[in-house]
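Okay, thanks for coming, everyone.

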Amino acid sequence: MRSGEMWRLLSRFNSFRRTHVILQHLRMSKHTDAAEVLLERKGCAGVITLNRPKLLNTLTVGMIRQIYTQLKKWEQDPETFLIIIKGAGGKAFCAGGDIRAISEIGNKNQKILQDFFREEYMLNNYIASYRKPYVALIHGITMGGGVGVSVHGQFRVATEKSLFAMPETAIGLFPDVGGGYFLPRLQGKLGYFLGLTGFRLKGRDVYTAGIATHFVDSEKLDTLEEDLSALKAPSSENVADVLETYHTKSKIDRDKSFILEEHMDKINSCFSANTVEQIIENLRQDGSSFALEQLKVINKMSPTSLKITLRQLMEGSSKTLQEVLTMEYRLSQSCMRGHDFYEGVRALLIDKDQSPKWKPADLKEVTDEDLNNHFKSLGHNDLKF
């Protein structure tokens, strides 16, 4: 076969593959297989089960649409008094949005990316203002988009197997889904530390940090769900009483101190700077093994993501959730047009060489003008509530 014919065939194949990926996503977004998210009424409760256990219950735009639509119906239903959301499989509540699929599609169809982030953030906001008790069972891995569909709800129940993190700076993103709202409102500078480093909190520490409202032994989750569903026309106070009863009875790691307790002074001191460069200098000057470990972690992150994240958290500390989500939508679209997100996903999830080539590769090369462009209004394309 001549090289010209070979090139034409390859070109046609690649074009077909791109079209196939986009059509596959569109089919998924319009006609999501019901098995990906289970929606049931159990007693007085509407129960949402994220049901992609092999993919750690990562979210697709189709799942987001189904959840949003069902929450609307249940909010109006006089027989539904509370919502329970959980993950299938026992390993994860939800490890985030399906970023591998997002990255594959992102280079080919910006419209799908606009829809995904817009609808995800609209769901996050809706959960925050939901008029019925909303109970998220954050058992197992809870990251990114999984945080978005849990942390804004009224009740969040952690277990000894919970694992919380916002690791987005490692993939060229930023801690979104309202991270700019809830992270800076955690104790001291803890949220800044978590957002910049992607540090993982496990078990009872998820409760101690203020991310979960209650802690329950994982073996009691099924019974807890049964007791909540069996309530008769419960109020928020009735739901809180049941959760408090289970929380009080839990003895797992009850006397264990918070994993970051001994480091909080360092965290508050080092992460109180107004620039990433100064935070790095603070860690270097501190010189403790803890500080140097965080320095090593930060130096692996996308320089652009680090600068975006610090400004996002600083600005978000005084904004409403809706204002934060509007800001984060602008940031999401800017990141989707950039280089680092696709490179981060390639390095960590596709090729798995763990060696992303960030552009720019140095903090000094991320200018104020670059940063300002990420935060610019999108005009009529802005997120609107």
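So, which backbone nitrogen does the side chain of Thr197 reach? That would be the one of Phe199, at 3.1 Å. Before I go on, two housekeeping points. This is a predicted model, so local features need pLDDT of at least 70 and side-chain atom pairs count only at pLDDT 80 or more, while totals for chains, interfaces and linings use all residues. Numbering starts from 1 along each chain as its sequence is written, and side-chain values use heavy atoms, with hydrogens and water left out.

Back to Thr197. A polar atom of its side chain also lies 2.7 Å from the backbone oxygen of Phe193. Thr197 sits in helix α7, residues 190–197; helices here are DSSP runs of H or I, at least four residues, and strands are E runs of at least two, numbered from the N terminus. Thr197 counts as buried because its relative accessibility is 5%, and buried means under 20% relative accessible area, with a 1.4 Å probe and protein chains only. Leaving aside neighbours within four places in sequence, Thr197 is in contact (heavy atoms within 4.5 Å) with Phe271, Gln294, Val297, Ile298 and Met301.

Phe271 comes up again in the largest nonpolar core. By that I mean a set of buried Ala, Val, Leu, Ile, Met, Phe, Trp, Tyr and Cys residues joined through side-chain atoms within 4.5 Å. This one has 87 residues, and Phe271 is among those touching the most other members, along with Leu50, Leu71, Leu194, Leu201 and Leu260. Who gives the most to this core? Helix α15, residues 321–337, with eight residues. There's also a second, separate core of 18 residues, including Leu82, Leu137, Leu224 and Leu243. As for Leu194, it touches Phe164, Met166 and Leu183, among others, not counting residues up to four places away in sequence.

Now the sheet. Six strands form an open, mixed sheet in the order β1-β2-β3-β5-β7-β10, where two strands pair if DSSP finds at least two bridges between them. At the edges are β1 (37–42) and β10 (214–215), each pairing on one side only. β1 runs antiparallel to β2 (residues 45–50), joined by six bridges, and Leu38 stands opposite Thr49 in β2.

Last one: helix α4, residues 110–128. Its buried residues include Ile112, Phe116, Tyr121 and Ile127. And that's my tour.

Conventions. Buried < 20%, exposed > 50% of the residue type's maximum accessible area, 1.4 Å probe, protein only. Polar contact = N/O pair within 3.5 Å; in protein donor to acceptor, adjacent residues only side chain to side chain. Expected span 1.5 Å × (residues − 1).
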